[in-house]
Amino acid sequence: MNKKITSVDFDEENKSKVNQDKNTKKKSNAQKTIPILIIIIVSLLIILTCTLIAYYQVHKESKQATNTLEGVYASSYYSMVDNVNNLAVDVAKYGKQTTKESKLATLQDMTKDCNYILAGLSVLPINQENVVSATKFFNQVNGVCEAYMTALNKDGTLTSKQELLFDEISIVLSKIKANFNKQNAGMYDTNFNFVDAGVFDKTGMNELSASMGNMTNDSIDYPAMIFDGPFSTALETTVVKGLGDKVISEEEARDYLKNTVYAGRDVDIEYKRETNGDIETYDYEVNLDNKTLFAQVSKLGGLLITLSGYAESGDAIISTEQASEMAKTFANNIGFENLEVVWLEVHDNVAYINLAPLQNGVVLYPDLVKVKVDLTGQDIIGLEAVNYALNHIERTVEFNISESEAETMLGFDYNILKTYECVIRLDSGVERSAYEFMVERIDGIYFYYIDANTSEILKTMKLVDQEGVEKLI
């Protein structure tokens, strides 16, 4: 029997279908919502990841920038200190000069010293009011030197009053040099950071400005590290020729310090920063035997470029001969080639020794390595190898005249103490092969450098005593 479909049945069936359609739609919407949520979550994760990567990159770049800035500030400071010492030496040398030419050359060196000092002061993050008197002083010295050069070129002479002005300049320089000693020692003791110390407060002051204060007062000090001797300040190129082409990592540089420079010694080495310049370096603080030293290892070639520390106070225990052998052995063991002692001087209980590489017995003066030996502590506390790093290459050296032919240029009344074949670099930057004659005359000891191909006298230096130290002028 067929069932009769009523309007009620139709309505109920309609409702059932509507409900079924709603459920299907809800299910479909729910299924669509899940992928959207996943996409949103993944997108958020990607955004978060990108943000973290960007933050890391910015932080990394910021750290690199800070390290670079620290290197610039440190380099400017220590360069300024070295040039103050150089200026003091040049001022002392001026008083010993007897010819117009030698005076002009020394005055020219002094103007360069002043310009480098002023450049260092301008780079450092300091309140200039704190160094206004020092800035004025070095500007005045620079001006005096230029005025004296003009006068010498015009008239050939200076008055005695003009000459005596350098005695006053020398006294001020002695105070500034003495003041730097305390300042630099404090930097080592407190692990000084130039970037942190250079942050200015609301008053326009910072730690570096406060610590430097007025450079001519008695609150700052720095020890003079003078390396004299023939061509000790040889002109360098800015092209690094002496380090090869292999770039080493920071870990390799640290390993070189630990296992080559300080092989067999109990040493603690702390990496500080990278320094960028003509010679890029990894910089370290080295602690051994209760001493703290600053060391720089070149990225190119992995060679010790700078070592700086302090001597123990007390009487000398080892001789200068022992110090010379110690310096030569140290340098030859850490990667320098065939070095020999070419000059030595002693200040208090410290020996300052110049080493030069030999090429088939020829002394290469442009490639000097300078070493500082503590005669009390019996240890190497300083090394500077910038000239070597920039200049050291195998050279083609020609000697077309004999030593006896060159000797005829010395004139009369002399006694030859030593003779060397050498390569020297002139102020113009040109290298010449030469014979070096150490000659005793009635008025003192002289060094003559005679061109080994033309017999021209390239340079003459006289050995003088300055404050108990023998120097060449």
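**Close-up views of aromatic pairs, cysteines and a surface patch**

**View A.** At 4% relative accessibility, Phe166 counts as buried, a class that means under 20% relative accessible area, against over 50% for exposed and partly exposed in between (1.4 Å probe, protein chains only). The model is predicted, so that local features need pLDDT of at least 70 and side-chain atom pairs count only at pLDDT 80 or more, whereas totals for chains, interfaces and linings use all residues. Residues are numbered from 1 along each chain as its sequence is written, and side-chain values use heavy atoms, with hydrogens and water left out. Phe166 belongs to a cluster that ring pairs build together with Tyr94 and Tyr148. Across the whole structure, 10 aromatic pairs are found (rings of Phe, Tyr and Trp, the last by its six-membered ring, with centres within 6.5 Å; planes under 30 degrees apart are stacked, over 60 edge-to-face, the rest tilted). Tyr94 and Phe166 make a tilted pair, with 4.5 Å from centre to centre and 40° between the planes. Because Tyr94 lies in helix H1 and Phe166 in helix H4 (residues 160-189), this pair ties together parts that are 72 residues apart in sequence; helices (H or I, at least four residues) and strands (E, at least two) are DSSP runs numbered from the N terminus.

**View B.** Phe336 and Tyr388 form an edge-to-face aromatic pair, at 4.9 Å from centre to centre and with 80° between the planes. The pair links distant parts of the chain, 52 residues apart, with Phe336 in the loop between helix H8 (320-333) and strand E5 (339-347) and Tyr388 in helix H9 (residues 386-391). Phe336 is buried at 3% relative accessibility, and Tyr388 is likewise buried at 3%.

**View C.** The structure holds zero disulfides, a disulfide being a pair of cysteine sulfur atoms within 2.5 Å. Cys145 is in no disulfide, and its nearest cysteine sulfur, that of Cys114, lies 5.6 Å away. Cys145 is buried, with a relative accessible area of 0%, and Cys422 also counts as buried at 0% relative accessibility.

**View D.** Val72 is found in helix H1 (residues 7-94) and, at 36% relative accessibility, counts as partly exposed.
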